[in-house]
Amino acid sequence: MAKALYIDYQKCTGCRLCELVCAVMHDGISNPARSRIKVMKWEAEGLYVPMSCQQCEDAPCMNVCPVKAISRDEELGTVVVDYDVCIGCRACVAVCPFGAMNYNPIDKKVFKCDLCDGDPQCVRFCEEKAVDFVELEDISNIKKREAAERLSNAGKDAAALMAQM
Amino acid sequence: MALKRRIAYIDLTTGDIKTKPIPIEIRKKFLGGRGLDAYLLYNHTEKGCDPVGPDNTLMVSGGTLTATCASATARTHVMAKSPLTGLLGSANMGGFFAPEMAWAGFHHLVIKGKAQHPVYIYIHNGEIEIRDARDIWGLTVPEAQWAIRKDLGDHEVKSMVCGPAGENLVAFANVMTGIKNSGGRTGMGCVMGSKNLKAIAARGTMDIRIAHPVEALEFNKRFIDQITSAKVNQTQGKIGTPFIWGATNSWGGIRCRNFQYNQCEYADDIEPERIDEICEETMGPYHMTGCFGCQVHCRAQYKIPDGPYAGKYDEGPEYTSQGAFGGETDTPRATTVLTGNHLVDQYGMDNLDTGSIISWAMELYELGIITDKETDGLDLSFGNDEAVIEMIDRICYRKGWLGDTLANGGIKASQIIGKNSFDYLIQVKGMSNLHSDERATPALALNVATASRGSDHLRSRPAIDLYHLPEEVLRKIYSSPVPYDGPLSSEHTEYIGKPWQVYWQENCYMAVDCIGICKYHTTFLGATLPNFEDWSKVLYYNTGLEMSPEDIWQVARRCNMIERLFNIREGLTRNDLVKGDMLNHRYFDEPTRRGAPDVVGKVIEKDKFIKMIDEFYEHKGLDKEGQPKAETLKELGIENEPSHLL
């Protein structure tokens, strides 16, 4: 069963180590402009949201590509660009609803998350697990458990309030 | 390549901008960051220059490893002659500015002159531009940064700015970046203000090729595992630095009521757990944030829960703000600490100096040396929360006689106030002591007395001395990379062996400041963290620079000596109370009144203190007067400074 990136932005501390190790892993270069993952920040509110490719099932980038350079790797569950076919038109960049298809003006290439062939470095380095790598079948269970915890806490708080009344 | 980052010389008077590569021989001698800044300061300022005049030179830099694949290479260093002390001015801050400057192509800036009107410098992918900042002048620290982003139409721009305090030439104004990352101490924001320089903005997308990327990545993982496995860093990552204040206060190492007590009583409301509670209540369970590439994430986020600034967002407070606006002024209330912290972040003003100078004024008020006349009717009694908040505002905007006087810093203020006010001023080399009380800890007292930028803990404090580590553990740490077989003591009230520890830490911290990483990633608060051996590897994997641990030690010694040379040129002598390696008389004369059994009743014994200084000078290669010996300068290869090579 394929795994997917699971981003919980609330846990993100905004350090951008994921951006650094992504660029170094893929290109041997430190430059966030080369990172497949990017932390969007609202510093005035203390809000940091890591953004990366969702490896969509019905991927707009794949659908829009005029030369069919983008395909699915069923084994890894990734959406992959074939650079031998790609013409660099950036239609995929324009159409991605997450801004996760990037363009590198130095190498003149589009690029996106490839899950580091199954060992995503952003996940490996994020101690907070703001970016995690989980089995697709479990992906909603994490949210369920957290929601359940919130509900049960709310229940306890309500019971405590009732007891005081 | 990291080593291809350039140096830029910017003249604000003429608008002239030149850039140069940094030769590899210079790198090997001074590495970068604070060390190379010290070389540049010594070479680019004239003896006796006016710190707030156009001739003072402002250095801004990242370290050798900034923005490479090493952990927490976030530090920005700023140096100039200090308007607060008239000696070495130096400030170091985290955040995201230096990495952005490195991606924009630069490691070092040398800024001279004074602009005709407020300007800011914009650095973008190898280009440098001086831009109009008249509309930005007067804005607070965060406002100015957002205004620059708007001006440039780029949300990713990172800026370091001076706040209103810097514009108003408050002698201890900070350079700031982000919400609260502060280049504090010695008034580097004041130097920016004096040059009409509101900000330096950077935006870069230039490649920094890693010399050995696979090794760099794997070593970084090991490095991070080592750093985050240390208990001290795990605690920092949960509740931030307030835990240090809490722990230190519990045994009596905290200044209270200026210097009258060494422990703040009834401080439950500013204990780390309480502050963490407020952070959680206002920002949720995940309320910690970090600097670039750092997994310690020691900065908390909070909103002020109540009071006149209720609901305002900020980061921190660090232990320094608990000390400055809670302990020293004896106002241990969360709202006061969080509000005080917020105001100095907005104004760009040093929290330690601000809190310290307010608590000094409070003691003078208590003694009748200043009265309601000087305070314009403000009740400046210890414990008055409103007075603390009011004074922060008055100092930043130089309001009233007292605000204007204190904004000049302690030494000048004591000359204006007169009487015996100087006797109560807790400072070394003109800079306020931090919030800690070192009477029971001789090693820490030696550290504040001899630190190159004035009384400060981030230059040479052997903080692990407080842990009572077994002697063999101390020996393992302190006899590498150079051998040491002299005495060492696990006892923090002892004097023996401490000079070597302070000397070793001085070199350790200098090395960290040269390569551009954070002190939480070395032997500062944790005894198991990386140092010289690891830096040698991390430098090689990331930059290709081959430096042995001994080479790095030697660089640190050299750079510390250049800082010393600068201070001596500007008037440092051994025993001078204003410009020397000497403590306020109260350290020697007034025993501590509170604290743990081995802390209460302690003074620094003067004869033993003098012996410690002698020994410390010997380790450094200085003579009895604290002047460098000719053979030391020769051994370090700096006998012909200034050499004007860069």
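Reply: A term to start with. Two strands pair if DSSP finds at least two bridges between them. Also, this is a predicted model.

Me: OK. Which residue stands opposite Asp11(B) in β6(B)?

Reply: Lys112(B) stands opposite Asp11(B). Strand β1 (residues 6-11) and strand β6 (residues 106-112) of chain B run parallel, and six bridges join them.

Me: And how many bridges join β1(B) to β2(B)?

Reply: Four. Strand β2 (residues 17-20) of chain B runs antiparallel to β1(B). Ile7(B) faces Lys20(B) across that pair.

Me: Which residue takes a positive phi in the hairpin of β1(B) and β2(B)?

Reply: Gly15(B), with phi near 80°. The hairpin has five residues between its strands.

Me: Positive phi in a residue other than glycine: what is the value for Tyr266(B)?

Reply: Near 50°. Tyr266(B) sits in the loop between α9 (242-251) and α10 (272-283) of chain B.

Me: Why does Tyr266(B) count as exposed?

Reply: Because Tyr266(B) has 9 C-beta neighbours inside 10 Å, and the cut-off for exposed is 12 or fewer.

Me: What about His468(B), what is its phi?

Reply: Near 55°, again positive in a residue other than glycine. His468(B) is in the loop between α17 (442-450) and α18 (471-478) of chain B.

Me: Is His468(B) buried or exposed?

Reply: Exposed, with 11 other C-beta atoms within 10 Å.

Me: Peptide bonds now. What is omega for the bond from Gly316(B) to Pro317(B)?

Reply: Near -10°, so that bond is cis.

Me: Where is Pro317(B)?

Reply: In the loop between β16 (313-315) and α11 (319-327) of chain B. The bond from Glu641(B) to Pro642(B) is cis too, with omega near 0°. Pro642(B) lies in the segment after α24 (630-635) of chain B.

Me: Switching to helices. Which residues of α16(B) are buried?

Reply: In helix α16 (residues 410-417) of chain B, they are Gly410(B), Ile411(B), Ala413(B), Ser414(B) and Ile417(B). These residues are on the same side of α16(B), because they cover an arc of only 165° around the axis.

Me: What covers the buried residues of α16(B)?

Reply: The cover includes α13 (351-367), α15 (400-406), β17 (427-428) and β18 (431-432) of chain B.

Me: What does the domain assignment of chain B give?

Reply: Domain 1 (2-203), domain 2 (238-432) and domain 3 (442-635). The C-alpha centres of domain 2 and domain 3 of chain B are 27 Å apart. Their contact takes 19 residues from domain 2 and 21 residues from domain 3.

Me: Which elements give two or more residues to the side of domain 2 of chain B that touches domain 3?

Reply: β17 and β18 of chain B. By class, that side of domain 2 has 11 nonpolar, six polar and two charged residues.

Me: Now the two chains. How many residues of chain A are in contact with chain B?

Reply: 23 residues of chain A, against 34 residues of chain B. On the chain A side, α1 (17-27) and β2 (29-30) each give two or more residues. The largest share, five residues, comes from α1(A). That side divides into 11 nonpolar, seven polar and five charged residues.

Me: Which strand of chain B do the bridges join β2(A) to?

Reply: Strand β13 (residues 208-209) of chain B. The two strands run antiparallel, with two bridges. Ser30(A) is opposite Ile208(B) there.

Me: Overall, how many helices and strands are in chain A?

Reply: Five helices and nine strands. Chain B comes to 24 helices and 18 strands.

Me: What share of residues counts as buried in chain A?

Reply: 35% of 165 residues. In chain B, 64% of 646 residues count as buried. The C-alpha atoms of chain A fill a box of roughly 70 × 30 × 25 Å. For chain B, the span is about 60 × 60 × 50 Å.

Me: Last one: what pLDDT does chain A average?

Reply: 94, with 99% of the residues at 70 or above.

Terms used: Residues are numbered from 1 along each chain as its sequence is written. Chains are lettered from A and ligands numbered from 1 in the order in which they are written. This is a predicted model: local features need pLDDT of at least 70, side-chain atom pairs count only at pLDDT 80 or more; totals for chains, interfaces and linings use all residues. pLDDT is the predictor's confidence in each residue, from 0 to 100. A residue is buried if 20 or more other C-beta atoms lie within 10 Å of its own, exposed if 12 or fewer, and partly exposed in between; C-beta atoms are placed from the backbone. The arc is that of the directions from the helix axis to the C-beta atoms. Two residues are in contact if their C-beta atoms, placed from the backbone, lie within 7 Å. Ala, Val, Leu, Ile, Met, Phe, Trp, Tyr, Cys and Pro count as nonpolar, Asp, Glu, Lys and Arg as charged, and the others, Gly among them, as polar. Domain bounds come from an automatic or database domain assignment.
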